Each structure stands twice: as structure tokens, then as C-alpha cells.
Amino acid sequence: MSSLSLRGISKRFGEHEVLTDISIDVAAGEFLVLVGPSGCGKSTLLRIIAGLIPASAGDIVLDGERVNDVEPRARDVAMVFQNYALYPHMTVRRNLAFPLKLSGVDRAAVARRVQETAEVLGLTGLLDRRPGTLSGGQMQRVAVGRAIIRNPRVFLFDEPLSNLDAKLRAEMRGEIARLHTRLGITTVYVTHDQAEAMTMGSRICVLDDGAIQQVGAPIEVFSRPANAFVASFIGSPAMNLLRGRVEAGRFRIGTIAVPCDAAPDGHEVVLGIRPHEVGGGGPFTLEVVYSEELGSQTHLHCAVGDQTLLVTREGHVPLPRGTRLPVSFPSDVLHWFDARSGERRRPISG
Amino acid sequence: MGARIWHRLLLVLTGLSFAVPLLFMVSVSLHPEGKGLGGSAADLVHDARFENYAAALRQMGNFPRLFANTVLLTVLSIAGQVFTCSLAGFAFARLRFRGREALFLLVLATMMLPDQVTAIPRYLLFRVLGLVDTYYPLVLPTVLGGAPFFIFLFRQYFLALPKELDEAARIDGCSPFQSYWRVFLPLARPMLVTVAIFTFLATWNDFWAPLIYILSPEKRTLTLALAEFNRTYNTAVEHMMAASGVILFPCVVIYFLAQKVFMRGVQVAASKH
């Protein structure tokens with residue numbers, strides 16, 4: 001098992017800076033998920049770790065050794081790509097064997113390890129088929145197989161499930177997590193899907209605009225987001241973020257006035273509350289603008305001044321437009337963010 | 001419906017424009033000597049002179065030698081052209097190096113120069129090197145990537161393949177040359193066949209370069225031998241056409257054998273931007 005450290009990694013393409021001062025340590029055997037919206041720089045960071053593109057600044061340290069100038073093949077990392085990147089002219093067997101052959105492993109050992117890997121991933125019946133004849137899920141397994149067959153120091157996954165349908169994605173999610181538990185290889189997994197981030201990683205690192213927003217255990221990031229971006233990105237449906245002003249110790253917006261100890265009077269702040277944590281029974285009433293029934297849940301979109309608050313209720317709760325919905329805002333589930341910087345605000349002392 | 005008929009008619013006319021000269025060549029080659037140009041194809045039903053072919057081969061001299069010379073030149077040119085053009089195309093498409101775009105433009109710019117413009121300096125160069133009356137002047141330009149259009153075709157083809165293939169190969173342990181050789185080249189099969197066929201046709205039918213550089217009779221190619229049928233006072237058209245038919249035969253066979261892959265390569269070349 002290997003440890004990985006990124007120290008002050010930055011990346012510029014011309015004048016455009018896509019990564020800014022990224023520093024993070026990945027412990028040996030850890031499963032770190034890099035999550036963020038499209039274009040936030042997470043795939044670029046993965047490619048820098050793999051050695052496919054150079055960093056403009058900073059160090060990549062593998063097992064205590066700086067590997068910035070080490071070729072990808074010598075870094076002993078394996079990568080699974082979003083589009084699988086299987087070699088279309090080779091059979092599954094040759095795809096799996098390819099990295100071993102290149103590193104000079106003898107034929108008998110190659111054959112044995114191909115067989116073992118195929119058994120682990122359920123590919124034995126597909127060994128003589130070409131990638132073009134496989135389904136998305138099967139191709140994904142082959143891609144994972146090609147990565148694990150070398151027993152690398154670090155696994156890199158670049159949105160490997162994004163081309164699969166929802167059902168298969170859920171299956172493969174579990175399979176990759178089990179594989180990691182079994183092999184214990186240090187893993188960096190890139191995704192834009194917060195559900196994958198929440199369920200797979202031992203830690204998640206939220207990126208936006210080329211910078212780390214928060215690093216922590218999934219539940220910690222979910223329950224204590226460091227800023228408004230993380231609050232809105234992690235969790236589905238997204239956290240409500242209502243912008244308002246503090247007056248006489250209360251956050252006011254529309255007909256709502258909630259006690260607020262996170263900012264002095266006159267300050268603009270953002271109130272965050274998850275849709276399922278909006279309480280019922282009053283003291284406030286909001287007008288339902290429209291509702292969505294998802295089967296097990298109902299989403300009620302309510303007007304709050306000129307903003308919208310999403311309230312989720314378990315089960316089938318259809319409410320027609322214009323219905324007055326009694327709601328409450330329990331103080332222990334509220335999050336406060338600075339309106340200007342978006343950073344989390346703590347209670348003002350004294 | 002009407003548009004379809006016009007489309008078919010256009011195809012038939014285009015097909016005929018290619019087929020008629022071939023049929024004319026075969027028809028003339030089977031007529032008795034002196035009657036090839038005036039005779040009718042109907043005469044051939046009763047009096048087809050297949051012996052014209054044997055006579056034509058005899059007149060060409062040492063046919064097996066001529067054939068072997070031409071095959072050797074063609075094989076070397078195809079191998080050289082396919083290898084160097086694909087390698088250069090791969091480098092322009094996949095490797096990052098300073099001056100890459102400028103160099104590629106320079107390669108493309110050489111397409112503007114007709115062969116006739118470079119013939120004299122090239123001849124002088126090969127004479128200085130002492131290579132006149134050898135096969136080097138005929139093969140070296142192709143082996144050294146002398147076909148910018150093919151380099152362009154390969155570059156476009158390789159550019160269209162996903163960059164992740166390259167990245168996967170690098171992570172799996174490939175050097176740039178191994179990526180080219182083991183991953184990209186096998187994927188470029190339609191383009192390889194297309195370039196090979198074009199090179200085959202160009203080399204097999206080339207008259208200009210052998211005429212300039214080949215002096216010794218034993219090094220002559222089929223096209224040089226064919227030209228000798230053209231005499232000032234007496235040209236045996238029937239024998240010349242028979243010899244032309246013999247020389248053309250491998251071209252037709254190879255085209256039909258590789259037609260499917262060739263068409264795919266042409267489509268790919270036409271669709272890649």
C-alpha cells in the first residue's frame with residue numbers, strides 16, 4: 001500500500017489557471033473521492049497524478065518520493081477512464097495482458113494472472129471477445145481488470161461510471177467499493193456525482209473552480225459544509241440557500257423571521273437548510289408554487305419572498321398550487337453562510 | 001423516383017468512362033497485327049489473337065526480370081511510404097514538441113511543388129551522391145516520408161482517435177514508439193490499405209522517375225519496357241495494348257481484392273477533419 005501527497009499543485013493552460021494550490025495527503029489504502037462540477041479541474045488533477053500532464057507548480061509525492069519528473073509508466077499507477085479506453089483491436093485477454101507484457105512478465109505468469117483477474121471480475125466467458133462486442137458494464141469491468149492486474153501502487157478512476165445507466169451504475173459502485181476493500185490499494189476516484197462521492201469514499205475532497213473547497217468524511221462534509229458551494233453541491237436534492245438580512249437578531253426574508261446568532265444586525269447572510277429538515281406545523285406558512293411526486297417522496301416548491309424553498313415530505317403528499325404550507329426552521333439544522341464570501345459563519349461570541 | 005433514375009444514369013456513364021478505355025485496350029490487343037485500330041470488336045468472336053500476348057512479352061525482353069524489378073521497387077516503396085507517413089502522421093497528431101504546427105505547415109507546403117520543379121535539383125543531388133542508375137532515387141523519397149498528403153491523412157486519422165487510448169497506453173507502459181506500433185498502427189488499417197494501394201498504383205505505373213534515373217537495361221521497369229513499343233515508323237499497337245494489359249492486370253486484381261478496406265479508408269479520409 002502506498003501513500004500519495006499533493007503539495008501546492010497548480011496548473012495553468014496559457015493564462016487560464018485551472019488548478020490553484022492543491023494540497024492533500026492520501027493515506028496508504030485510503031479511498032479518496034474528488035468531486036466537483038464539470039470543469040472544476042478534477043480530471044486535470046488526476047492526469048497530473050498519473051503523469052499524463054505536468055503540473056505548473058507543486059510536487060506529487062508517492063511513498064515519500066517526488067515523482068514530478070517520472071514517466072507515467074514508471075510511476076506504477078493504473079487508471080480507469082470514463083470511456084474505458086480499451087484497445088479495440090485486441091481481445092479482452094490481450095487487453096488484460098497488455099500492461100504485463102510491456103513490463104516483461106513471462107508468458108505463463110501473464111496467462112495465470114489474466115485468468116485470476118477474469119475470475120475476480122466475472123470476465124472468464126468474455127476473454128476471447130473484442131471490446132466492440134461488449135456491453136458498457138462489461139467494458140467497464142475489463143477496464144478495471146486492466147488496472148488491477150498490475151497490482152499498482154495507486155488506482156486512479158476518472159468518472160468510470162458516468163457512461164452507464166442508473167441501475168448498472170449502482171451495481172458497479174458497490175463492486176468497485178468491494179474491490180477496494182479486498183485489494184486495499186490506495187485509490188483516487190473522480191466523479192461529478194455526489195451520490196458516488198457519498199457512498200464510495202472514505203474521504204471526499206470537494207473541488208470548485210480549481211480549488212479545494214472542503215476535505216472530510218462524507219457525512220462530515222454533508223452535515224457541516226464549509227461553504228455555500230459545498231452545501232449546494234453535496235446532497236440530493238440540494239440544500240436550500242436563502243439570502244436575507246439580519247435585523248434585531250433575526251434573519252428576515254418574506255414573512256419568515258428566524259433567530260440568527262451568526263451575524264450582527266444589518267448583515268446579509270445566507271440561510272441553509274436541507275429540504276427534508278424543514279419542519280412542519282408552523283409558526284410560518286408558505287405558499288406552494290408547485291409540487292413534484294417522485295413516488296416515495298414529494299417535493300414541494302414554496303415561495304419565500306422572491307426566492308424558492310424546497311420542502312420534501314415522505315410519501316404521497318400532493319398539494320395543489322396556492323396551498324398554504326405550515327413550516328418551521330429548527331435551529332439545530334440551520335447553516336449560516338456569509339452572503340459575500342459564501343464561507344460558513346460561526347455564532348458571534350458574546 | 002426521377003432523381004434516382006438520373007443518379008443511376010450518372011453512375012452508369014461514369015462507370016463507362018472508366019470501362020470503355022479498358023475494353024478498347026483488350027479489344028485492340030486481340031486483333032491481328034495492323035488491324036487493331038480499324039477492326040470491330042465483333043471480329044473477335046471468330047478471330048481473337050491471344051498469341052499477341054505471348055508476342056508482346058517476347059518483345060519486352062526479359063519479362064521476369066522486368067516484373068521482378070518493378071515488384072521490388074513497389075514493395076520497398078509501399079513499405080517505406082506506409083511506415084514513414086504513418087509515423088510522421090502519428091508524431092504530428094499525438095506528440096507534443098516545439099515547432100510542431102510550423103513543421104506540419106512546412107510539410108503541407110511541399111504539396112504545392114510539382115515533381116517537375118524538384119526533378120533537376122533532386123537529380124543533381126542523387127548524382128552527387130553517386131546514386132544515379134540505382135534504385136535509391138526511386139525508393140528513398142518515399143521511404144523518407146515524401147508524400148505529404150499521406151502524412152496529412154494519417155495525422156487526421158490519428159487525431160480522430162480518443163486521446164484516452166494514448167493515455168492508457170502510456171500508463172500501461174508504452175513508450176511513444178510502442179504506442180504508435182502496438183496501439184495506433186493496428187487501428188489505422190483502413191488508412192494503411194488506402195495508402196498502400198495509392199502507393200502501389202503510383203510506383204507500379206511510374207514512368208517518369210525510372211526514365212530519369214535508370215540507365216542499365218537490366219534495371220529497367222515494366223513501364224520503361226512498355227515505352228519501347230512506341231517506335232517512330234512502326235508501332236505494333238496490338239502488341240503494345242497486350243503488354244499494357246499484362247502490366248495493368250495486377251493493379252485491377254489488387255484493387256478488387258482490397259476494395260472493401262480501400263473504400264472504408266477513403267470514407268474515413270473524407271470524413272475526418
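Tutor: The part to look at is an open sheet of five strands in chain A, whose order is 13-12-11-14-19 and whose pairing is antiparallel. Strands here are DSSP runs of E with at least two residues, helices are runs of H or I with at least four, and both are numbered from the N terminus; two strands pair if DSSP finds at least two bridges between them. The model is predicted, so that local features need pLDDT of at least 70 and side-chain atom pairs count only at pLDDT 80 or more, while totals for chains, interfaces and linings use all residues. Residues are numbered from 1 along each chain as its sequence is written, and chains are lettered from A and ligands numbered from 1 in the order in which they are written.

At the edges of the sheet are strand 13 (256–259) and strand 19 (335–338) of chain A, each of which pairs on one side only. On average, neighbouring strands of this sheet are turned by 40 degrees against each other, direction ignored; the axes behind such angles are lines fitted to C-alpha atoms, for helices over the stretch in contact, and angles run from 0 to 180 degrees between N-to-C directions.

Within the sheet, strand 11 (residues 240–247) of chain A is joined by six bridges to strand 14 (residues 268–273) of chain A, and the two run antiparallel. In strand 14 of chain A, the residue opposite A:Asn240 is A:Ile273. Strand 12 (residues 250–253) of chain A is joined to strand 13 of chain A by four bridges, again with the strands running antiparallel, and here A:Ile253 stands opposite A:Ile256 of strand 13. Strands 12 and 13 of chain A form a hairpin with two residues between the strands, where A:Gly254 takes a positive phi near 55 degrees.

Elsewhere in chain A, a positive phi, near 90 degrees, is also found at A:Gly51, which follows helix 1 of chain A. Helix 1 (residues 42–50) of chain A is mostly covered, with nine of its nine residues buried, where buried requires 20 or more other C-beta atoms, placed from the backbone, within 10 Å of the residue's own. Among these buried residues are A:Lys42 and A:Arg47, as well as A:Leu45 and A:Ile48.

Chain A also has a pair of helices in contact: the axes of helix 5 (residues 136–148) and helix 6 (residues 166–183) of chain A come within 11 Å and cross at roughly 15 degrees. Because angles under 35 degrees count as roughly parallel, helix 5 of chain A is roughly parallel to helix 6 of chain A. The residues that meet include A:Val144 and A:Ile148 from helix 5 and A:Leu168 and A:Met172 from helix 6 of chain A, contact being defined by C-beta atoms, placed from the backbone, that lie within 7 Å. By class, the residues of this contact divide into six nonpolar, three polar and no charged; Ala, Val, Leu, Ile, Met, Phe, Trp, Tyr, Cys and Pro count as nonpolar, Asp, Glu, Lys and Arg as charged, and the others, Gly among them, as polar.

Chain B, finally, has 14 helices and zero strands. Its contact with chain A takes 13 residues from chain B and 17 residues from chain A, and the largest share of the chain B side, seven residues, comes from helix 8 of chain B.

Technical notes. Two residues are in contact if their C-beta atoms, placed from the backbone, lie within 7 Å. Angles under 35 degrees count as roughly parallel, over 145 as roughly antiparallel, 65 to 115 as roughly perpendicular and the rest as oblique. A residue is buried if 20 or more other C-beta atoms lie within 10 Å of its own, exposed if 12 or fewer, and partly exposed in between; C-beta atoms are placed from the backbone.
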